[in-house]
Amino acid sequence: MMSLTFYYAPYSSASITEAVIAELGMICDRVKLDIDAGETRTAEFLAINPNGRVPAIVHDGIAIWESAAITLYLGETFGVDAGLYPKPGPMRGVAMKWIVWANVSLAEAAGRLSAALPTGSEGAVQSGSVDYVAPELRDPNALLKAQSDVATYLGILDAALTSQTFLLGDYPLADTHLQGFVGWIASMGVDLSQYVNVDVWAKRCSQRPALAALEED
Ligand SMILES: N[C@@H](CCC(=O)N[C@@H](CS)C(=O)NCC(=O)O)C(=O)O
């Protein structure tokens, strides 16, 4: 009997993993952590993820962290038979490409945008987070640079979605992963309507039954 424990905080990168677990139809134990209350920095949680960040999963006693690694792992372990993740081969490579890109390119820029937004505005890094930068320490150009980089990446995604229902045809787990980051970017006031393909695709993803049933808690 396999065991899966999911460590998360509401409205965080863990929402990506939550969507992936839901899309795979997996049953797991859930451990909710309050970042502002320091619950991601307890000795108990640091033993699971020394970075003190969510998401993390523990699968059959083994800890795995970094949302991209978790999606790749769950996809190849549970998604292939379910038809949600490609079997080894070139399409597997395409899935890996978009999942890794989502984290190291798109989310990296989005993280800088989040850290540069005025404290307290929607999507801004909260003052209790390790990523919080005090306003007096901020680079005045950081906001513009982050906005410009996010726009570049959304343009790349928009072009890739031309005439495509999902990034991976019939294999939507990579799309599940990416749509979470795009939703976060939209919550920071970035207008998706100028990226028509992304806008339509994000709505299509959110209508998948597993994602439509998700609630933040
Ligand atoms: N690259 C990591 C980023 C995870 C991350 O930064 N999580 C944030 C929440 S969005 C966190 O746990 N922060 C803890 C803190 O700020 O103290 C991933 O994709 O899993």
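**Helix α1 and its surroundings**

In this predicted model, helices α1 and α3 pack at an angle of about 10°, with their axes 9 Å apart.

Q: Why are α1 and α3 called roughly parallel to each other?
A: Angles under 35 degrees count as roughly parallel, and the angle between α1 and α3 is about 10°; the two helices are therefore roughly parallel to each other.

Q: Which residues make the contact of α1 with α3?
A: From α1 the contact is made by Thr17, Val20 and Ile21, and from α3 by Ser67, Ile70, Thr71 and Leu74; by class, these residues divide into four nonpolar, three polar and no charged.

Q: What makes helix α1 largely enclosed by the rest of the structure?
A: A residue is buried when its relative accessible area is under 20%, and in α1 this holds for Ala14, Ile16, Thr17, Glu18, Ala19, Val20, Ile21 and Glu23. Since eight of the ten residues of α1 (residues 14-23) are buried, the helix is largely enclosed by the rest of the structure.

Q: Against which elements do the buried residues of α1 pack?
A: They pack against the strands β1 (4-8), β2 (29-32) and β3 (56-59), and against the helices α3 (67-79), α6 (173-187) and α8 (209-212).

Notes. Residues are numbered from 1 along each chain as its sequence is written. This is a predicted model: local features need pLDDT of at least 70, side-chain atom pairs count only at pLDDT 80 or more; totals for chains, interfaces and linings use all residues. Side-chain values use heavy atoms; hydrogens and water are left out. Buried means under 20% relative accessible area, exposed over 50%, partly exposed in between (1.4 Å probe, protein chains only). Helices (H or I, at least four residues) and strands (E, at least two) are DSSP runs, numbered from the N terminus. Contact means heavy atoms within 4.5 Å. Axes are lines fitted to C-alpha atoms, for helices over the stretch in contact, and angles run from 0 to 180 degrees between N-to-C directions. Angles under 35 degrees count as roughly parallel, over 145 as roughly antiparallel, 65 to 115 as roughly perpendicular and the rest as oblique. Ala, Val, Leu, Ile, Met, Phe, Trp, Tyr, Cys and Pro count as nonpolar, Asp, Glu, Lys and Arg as charged, and the others, Gly among them, as polar.
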